[in-house]
Amino acid sequence: MLKTLTRLFTHKSEPRTLICRRSSSLKNYVVGEASCQKALSRLAAPKTEDGHHSECQVIFEHEPTNRLDRKAVKATASGQPIGYLPRHLADDFHAAMRANGTVRAVADGKICGGRLHLGTGEKQNFRVKVFMKWPPEGEAR
């Protein structure tokens with residue numbers, strides 16, 4: 001009995017997540033992908049002559065330990081850092097999280113680019129686009 005009660009009262013629940021409604025168009029809600037090219041390459045596959053268009057789920061979450069911006073909202077996919085929400089959208093993001101009682105948002109996204117020009121050897125960076133209405137709205141879970 002004591003073990004059951006202990007487990008009930010010490011169990012940490014998962015943080016609540018806002019599952020964002022899908023927008024019909026892709027938006028550039030991720031910046032800073034240039035510094036995350038290794039992670040994006042692992043997620044999308046190596047650069048090719050045709051480039052990539054890989055579907056993914058993008059998680060936006062406040063990064064309070066960011067020493068450059070205390071309101072920073074990091075973007076991850078499959079646990080890999082892929083960039084940040086643009087700084088001018090952070091206040092809307094935090095307001096949406098408070099209004100929904102959530103700490104993060106999940107949206108459908110796409111990793112694009114990664115084209116390798118065989119003739120010149122020029123490599124195009126990967127970038128991330130997101131199917132998400134703004135400000136974020138959806139179902140809290």
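**Reading a helix and a strand**

Mentor: Just after helix 3, Gly-101 takes a positive phi of about 65°. Helices (H or I, at least four residues) and strands (E, at least two) are DSSP runs, numbered from the N terminus. This is a predicted model, in which local features need pLDDT of at least 70 and side-chain atom pairs count only at pLDDT 80 or more, while totals for chains, interfaces and linings use all residues. Residues are numbered from 1 along each chain as its sequence is written, and side-chain values use heavy atoms, with hydrogens and water left out.

Trainee: Which residues of helix 3 are buried?

Mentor: An α-helix has 3.6 residues a turn, so residues three or four places apart point the same way. In helix 3 (residues 90-100), the buried residues are Ala-90, Phe-93, His-94, Ala-96 and Met-97. They lie on the same side of helix 3 because they cover an arc of only 160° around the axis, the arc being that of the directions from the helix axis to the C-beta atoms. Arg-98 and Ala-99, on the other side, are exposed. Buried means under 20% relative accessible area, exposed over 50%, and partly exposed in between (1.4 Å probe, protein chains only).

Trainee: What covers the buried residues of helix 3?

Mentor: The cover includes strand 1, strand 2, strand 3 (73-77) and strand 5, where contact means heavy atoms within 4.5 Å.

Trainee: With which strands does strand 5 pair, and in what sense?

Mentor: Two strands pair if DSSP finds at least two bridges between them. Strand 1 (residues 17-20) pairs with strand 5 in the parallel sense over three bridges, and Ile-19 has Val-106 as its bridge partner in strand 5. Strand 2 (residues 52-62) pairs with strand 5 in the antiparallel sense over 10 bridges. Strand 6 (residues 126-131) also runs antiparallel to strand 5, joined by six bridges.
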